[in-house]
Every structure is written in structure tokens, then in C-alpha cells.
Amino acid sequence: MTLRKYGIIGFPLSHSFSPKIHNQAFADLKISAHYEKIEIPPKQFNPKIETLKKESWSGFNVTVPYKTAIIPYLDKLDEAAKHIGAVNTIRVLDYGKWQGFNTDYKGFLKPIDAFKGALKTCLVLGAGGAARAVSIGIVSGLAAQELTIANRTLKKAEELTGRLLSNQTLKCYPCQIEAIPAGQFDLIVNTTSVGMGAREKQNILDVRPFAHSKTLVYDLIYNPSETQFLKTARQTGLKTLNGLPMLVYQAEEAFSIWTGKRFPDKLLSFFLNPLYHHPLS
Ligand SMILES: NC(=O)c1ccc[n+]([C@@H]2O[C@H](COP(=O)([O-])OP(=O)(O)OC[C@H]3O[C@@H](n4cnc5c(N)ncnc54)[C@H](OP(=O)(O)O)[C@@H]3O)[C@@H](O)[C@H]2O)c1
């Protein structure tokens, strides 16, 4: 049986969980395939992608910092990826054509499915690639009425709210993080990278002035499993959720695009085990 090859394109990739998740799924489902890291330093991005296009791959994930840069190399783009302006999954079609998808917005929504009717007012911190997927998720998958997008760079928050304006049912407000208007939100999401790596001790926002007793506080970061942002919220008695379930569910969507199959339940429960993440508390 031919071994199908999949990989994740990004830089750096040392902390990526994706090979573990996908290789486990291939093994559990007895699919003859292997998933590997394809770490590409920025200066080598263009020639390396040209080389990958000539090789025999079946699919890729794409992560920071290439989710937008990869778009010119794609032959087809699905509607959600087009709307979000970022691609995190590629399916290699017959004759080597590459088709791009974005599964992040579905991965973001799945862990909060049970809360969706209650999340009317949302605050998104950040306006990068992940914030775009999260905002589209909020617009398309929650019955939200108001969305505030707060970013260090105001212009990027304004651009993102501009992209969302075609949705007439939702009011969108851009602002800087220091200028978030007073109010209490049902959902507060950190999509910035503050809280990981060199900024592990930093907190992007003390959520307490912006929360009520039922506010859900969601951080896309999963390593560390509990950021300062989540810790403050949890210690105040708020419901919190880290980014591991989103990572696992966006991976499941990608896997389904490649193979037509969902992850086995035992794999989902293994990676969503409280040992791996801080569960919805
Ligand atoms: N769990 C998952 O499945 C999942 C999926 C996707 C992403 N993520 C995580 O989401 C995070 C963002 O990813 P991304 O692709 O959106 O990155 P990105 O496009 O580079 O955006 C980074 C965002 O963080 C903000 N930021 C960076 N440093 C900051 C600082 N010192 N102070 C305030 N704001 C700062 C940026 O603000 P400026 O615009 O002002 O620069 C921007 O809004 C990463 O931690 C990534 O791992 C998780």
C-alpha cells in the first residue's frame, strides 16, 4: 500500500502538537500515511514551497506565519478561507493541484457549542490571523449581537471590523486594548500571542472589569495550558477554556477533508483529557 504523506508548514514548529494528533489518528484508523513537520525559515519560504509542489504530498496544515502567504500558491480556495483571508489546511487534488481551506473557525466554535445561544456580546482581543477566523466563527456560528475587536494596533482592528460589516445583524466596534469601552461581555477571547513563549508571565487583559458572573473566558493559547489571562479569570470564579480543544477540532476537520473520516472517540478523549488541557471549568 502506498504511504501517503502529510505535513505542517510553519516556523518555528518545535512546540507543534499536530504531528502527534494526526499520526495517532492514522495509526488508530489503519491508514497508511505519515505526518511530519516542515519547518521553513522565512527567507526559504518561496523556493521551499515551489519544491513541495513538485513532490508527491497528499495534504498540509499551514500555521504561523504563513497562513496568508500560502494563498498565492493555491489553485483553489474554499469560500470560508476566502472570507477569512487565511488558509490552515491544503488538500492536494489530482494532478498536483492545491486546494486551500480554513478549519480554525470550526475548531473555535465546536468547544463552545453548548453556550452559543447565551453569547450575545463578544470581546475579541487581537486582530491577526486567528482573530479573523474567530470573528468569522462568531458571526457565522453564534447568535451574537455585538462584537468588539480590541487590538494593540487600532488600524488592524478597524480593518477586521470593516471585513465583517457586510453582516447586518451584528454591530462591530474596533478599539485599542487600553480603550475597551466599559461594559460586561458574555464571551471574552484572547487571540493574541501574549501569554506564551517569552511573554508567558504577561496578561493581555485583566478581564474582571469586563466580565459578569456567567462570562466565558477563552484563550486560544494551549501551551502553557493556563495563561495568566485564564488564571485570573478562573480565580475570580469565571468559566475558562484554553486553546487545546480548538486545536484538536480544527485538526479533526482537516483530517476529514483529507480522508473523509472523523477522529476515533478514543483519540478525542485522549487529547482532550484534563491532563492535557485545562477543562471548561
Ligand atoms: N488553539 C488553536 O488551534 C490556535 C489556532 C490559531 C492560532 N492560535 C494562537 O493564536 C495566537 C495568535 O495567532 P495569529 O495567527 O493570529 O498570530 P498573528 O497573526 O501574528 O497575530 C498576533 C496578534 O497578537 C497581537 N500581539 C502580539 N504581540 C503583542 C503584544 N506584545 N501586545 C499586544 N498585542 C500583541 C498582535 O497585535 P498587533 O496587530 O498590534 O501586532 C495581533 O493582534 C497564537 O498564540 C497562536 O498560537 C491558536
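## The mixed sheet

Strands β3 and β5 pair in the antiparallel sense, over three bridges. Within this part of the model, which is predicted, glycine 59 stands opposite arginine 91 in β5. Strands β3 and β5 belong to an open sheet of six strands with mixed pairing, whose order is β2-β1-β3-β5-β6-β4. The edges are formed by β2 and β4; each has a single partner strand, so one side of each is left without a neighbour in the sheet.

Helix α8 lies across β1, β3, β5 and β6, and its direction is at about 10 degrees to that of β5.

## The parallel sheet

A further open sheet consists of six strands in the order β9-β8-β7-β10-β11-β12, and here the pairing is parallel. Its edge strands are β9 (171-176) and β12 (239-241), each of which pairs on one side only. From one strand to the next, the twist averages 15 degrees.

Strand β10 (residues 185-190) pairs with strand β11 (residues 211-219) in the parallel sense, over five bridges.

Phenylalanine 101 lies in strand β6 (residues 98-101). It counts as buried because it has 24 C-beta neighbours inside 10 Å, where 20 or more are required. Leaving aside neighbours within four places in sequence, phenylalanine 101 is in contact with Asp78, Ala81, Val87, Thr89 and Ile257. By contrast, 20 Å separate the C-alpha atoms of phenylalanine 101 and lysine 48, which are 53 residues apart along the chain.

Proline 245 is located in helix α8. This residue is buried, because 23 other C-beta atoms lie within 10 Å. Proline 245 and leucine 109 are 136 residues apart along the chain, and their C-alpha atoms are separated by 9.8 Å.

## Backbone features in the loops

The bond from phenylalanine 11 to proline 12 is cis, with omega near -10 degrees, and proline 12 is found in the loop between β1 (4-10) and α1 (18-28). The bond from valine 64 to proline 65 is likewise cis, with omega near 5 degrees; proline 65 lies in the loop between β3 (59-62) and β4 (76-77).

Positive phi values occur at two residues other than glycine. Lysine 30 has phi near 55 degrees and is placed in the loop between α1 and β2 (33-39). With 7 C-beta neighbours inside 10 Å, lysine 30 counts as exposed. Tyrosine 95 has a positive phi of about 60 degrees and is found in the loop between β5 (89-92) and β6. Tyrosine 95 is exposed, since 6 other C-beta atoms lie within 10 Å.

## Domains and their contact

The domain assignment of the chain gives domain 1 (4-102) and domain 2 (106-243). Eight residues from domain 1 and five residues from domain 2 take part in the contact. On the side of domain 1 that touches domain 2, the residues divide into two nonpolar, five polar and one charged. The C-alpha centres of domain 1 and domain 2 are 27 Å apart.

## Surroundings of the ligand

Which residues are closest to the ligand? Of the 25 residues that surround the ligand, the closest are Gly128, Ala130, Arg152, Thr192 and Gly243. The elements that give two or more residues to this shell are α4 (104-109), α5 (129-141) and α8 (244-259). By class, the shell contains eleven nonpolar, eleven polar and three charged residues.

Definitions and conventions. Residues numbered from 1 in each chain as written. Predicted model: local features only at pLDDT ≥ 70, side-chain atom pairs only at ≥ 80, totals over all residues. Near = placed C-beta within 6 Å. Helix = DSSP H or I, 4+ residues; strand = E, 2+ residues; numbered from the N terminus. Nonpolar A, V, L, I, M, F, W, Y, C, P; charged D, E, K, R; others polar. Buried ≥ 20, exposed ≤ 12 C-beta atoms within 10 Å, placed from the backbone. Contact = placed C-beta atoms within 7 Å. Domains from an automatic or database assignment. Pairing = 2+ DSSP bridges. Axes fitted to C-alpha atoms, helices over the stretch in contact; angles between N-to-C directions.
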